[in-house]
Amino acid sequence: YLRYEFGQRYGPFQPALGVSLTDDGDAWVGLGATWTGWFAHNRGYLQLHLMPGLYSQSDGPDLGSALEFRSGAEIGYEARNGVRIGLSYDHRSNADLETVNPGLETVQLRVSIPFKK
């Protein structure tokens, strides 16, 4: 899973682009927004994201639709150089737009490296 957060903000929200591929050949690409809250002297963070996207199934699970929403939360630490290490959870589903909607959960240890700080 790769996510790029664009440099500009719209109020508290930051546009983001996400792409994920599985070893089964499934793919998801989405565009949405993140919100980040800071604590612990602006080193600790909580980030929420919501991204509608397109899902292409190969040998992986049938999620019921090509339109899949990805939402989640991450809690972590940001070093002075901008590198973040966090524990992330996200959920993908089609929001019951289709009769088949099993959803898919992902837990990740994420390392985020800024292109520039």
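Strands (E, at least two residues) and helices (H or I, at least four) are DSSP runs, numbered from the N terminus. The model is predicted, so local features need pLDDT of at least 70 and side-chain atom pairs count only at pLDDT 80 or more, while totals for chains, interfaces and linings use all residues. Residues are numbered from 1 along each chain as its sequence is written, and side-chain values use heavy atoms, without hydrogens and water.

A nonpolar patch lies on the surface, with about 1100 Å² of accessible area together (Shrake-Rupley method, 1.4 Å probe). Its members are Tyr4, Phe6, Leu17, Val19, Leu21, Val29, Leu31, Leu54, Leu67, Leu97 and Phe115. Patch residues have over 30% relative accessible area and no salt bridge, and nonpolar side chains are joined within 5 Å. A salt bridge is a side-chain nitrogen of Lys or Arg within 4 Å of a carboxyl oxygen of Asp or Glu. Strand 2 (13-21) and strand 3 (27-39) each supply at least two patch residues. Strand 2 gives the largest share, three residues.

Valine 29 lies in strand 3. Valine 29 counts as partly exposed because its relative accessibility is 40%, between the limits for buried (under 20%) and exposed (over 50%). Histidine 41 lies in the loop between strand 3 and strand 4 (44-56). Histidine 41 is exposed, at 80% relative accessible area. The C-alpha atoms of histidine 41 and valine 29 are separated by 34 Å, and the two are twelve residues apart along the chain.

Notes
Patches are made of residues with over 30% relative accessible area and no salt bridge: like charges are joined within 9 Å, nonpolar side chains (Val, Leu, Ile, Met, Phe, Trp, Tyr) within 5 Å. Buried means under 20% relative accessible area, exposed over 50%, partly exposed in between (1.4 Å probe, protein chains only).
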